[in-house]
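Please find below my notes on the model under review. They are set out as numbered points, to be read alongside the sequence and coordinates.

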Amino acid sequence: MKNKIKKIIAATVAVATLVIGCIGAAGCNYCAHQLDVIEKVESTCIEHGHGYSYRCKKCNKLFAYTTEKGLYEISEAEELPLGNHVASDAFNVKLKDGATSVLDFEVKTKCAVCDAEMPMPDEKLATILAPNLKKEAGRLSQAYNGTYLYGKDGSTEKGAGKPYTQISFKAKTKENDVISLNAPTYTKDQEYIDNHKGQGLIYQKDGEWDWAHGWGSYQRFPLFIPFKEGVERKVCYIIKNITDPEYYTDPIKVSWCVDGNTWADVTVAPGEIGLLNLTGNHDDINVMNQYVKVSNPNSTNGELGNGSARPMKIEIVGVFYTYGTVQKLDIDKQPVKTEYAAGEVFDPTGMEIYATYAVDDKEYYLGKLVDLDKCEYSVGDKPLTKDDTKITITYGGARVSINITVTEGGAANG
């Protein structure tokens, strides 16, 4: 309503200005024009819109107005260029050509106007991993110190790249055995560590989360989906079978459920990557308890292992479409460089920005760390001057600012 009132006031002021200055304007020396505003119509991705124009009620001539040219006669309103595609709720995950890791994927959607395929905007996506737990998890967030990460070549060295998780399934698991995936228990207690080796992620004496190798069905890091009651969540898991084919050549059928009711499945052979799409509703806001069934399609009873004692292993990452909008941004960590010499360019390296989402602009239920490359910065890549005292960062329509110092001499840090 406020925007509509502003537009009406602006149009009224424009008409008044034009009427005062239009006597004797080009094209009509005998008419004191009485102008009606023809509203601006925004373009869509398939249809051109047009700019503001003004038609005289007395002589029926059409005019445009600019501060440079004043009022001038036109034959038709200015045609505006086609607009951008508008993302819909369609959610389609695709593996990139030649994909070798679970991170080689892209997310597509369809334009809500013309139905053309387009990339899903980054601010509408989240991965089901560590960043989603950062604010809400309390002690649980500590679990991600020492996360095993993918690097540029698929390295799993700590700190190498983006996070993923891994799940191992015990040999001899039966086809209808339902495995509950949930957050493991964390402890620094050495007695607990000694008594629970092989049962998942535990806190070692050196202060790092580590993987205690052993037998059993377990996951390296808990998966997480933010739910809102009554809202259907669409999820896609990208799963790679990393079982050593020297010991186990049969494929594995993975069936997954997030709400206790709706199951989906995918079959992947060792070395292969597959997509598992599913939907579900849930009463809880933050869901970590999920359910998995695994089986061997080549086995008569569906049992894993096929005579081998080695467990099946999968790597997995997941993505989902967010139903909310970015409500606010927080600076969790300042950039490494905040003091500059005039002429230098702003560098966001080291900065961590946390986006909080909301439904109906009021109920927070999701957050994620933002990819700095997806943000817009008020200074762009322009050289800084001593008048630049803050940088405004924009992501998903929300803004946050940081203070910087620019001097004519040398910078104090960086």
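1. In this predicted model, strands E5, E6 and E7 form an open sheet in the order E5-E6-E7, and their pairing is antiparallel. Strand E5 (92-95) and strand E7 (117-119) lie at the edges, each pairing on one side only. From one strand to the next, the twist averages 40 degrees.

2. The pairing of strand E6 (residues 105-110) with E7 is antiparallel and extends over 3 bridges. Within this pairing, Lys 110 stands opposite Glu 117 of E7. In general, the strands of a sheet pair through backbone hydrogen bonds, in either a parallel or an antiparallel sense.

3. A separate point concerns Phe 63, which belongs to strand E3 (residues 62-66). Is Phe 63 buried or exposed? Its relative accessibility is 0%, so Phe 63 counts as buried, the cut-off for that class being under 20%. Leu 35 is 28 residues away from Phe 63 along the chain, and the C-alpha atoms of the two residues are separated by 8.8 Å.

4. The average pLDDT of the protein chain is 75, and 68% of the residues score at least 70.

5. Two segments call for a separate remark. Over residues 1-27 pLDDT stays under 50, and the model has 23 contacts beyond four places in sequence for this stretch. Over residues 130-148 pLDDT likewise stays under 50, and here the model has 58 contacts beyond four places in sequence.

Key: Residues are numbered from 1 along each chain as its sequence is written. This is a predicted model: local features need pLDDT of at least 70, side-chain atom pairs count only at pLDDT 80 or more; totals for chains, interfaces and linings use all residues. Side-chain values use heavy atoms; hydrogens and water are left out. Two strands pair if DSSP finds at least two bridges between them. Helices (H or I, at least four residues) and strands (E, at least two) are DSSP runs, numbered from the N terminus. Axes are lines fitted to C-alpha atoms, for helices over the stretch in contact, and angles run from 0 to 180 degrees between N-to-C directions. Buried means under 20% relative accessible area, exposed over 50%, partly exposed in between (1.4 Å probe, protein chains only). pLDDT is the predictor's confidence in each residue, from 0 to 100. Contact means heavy atoms within 4.5 Å.
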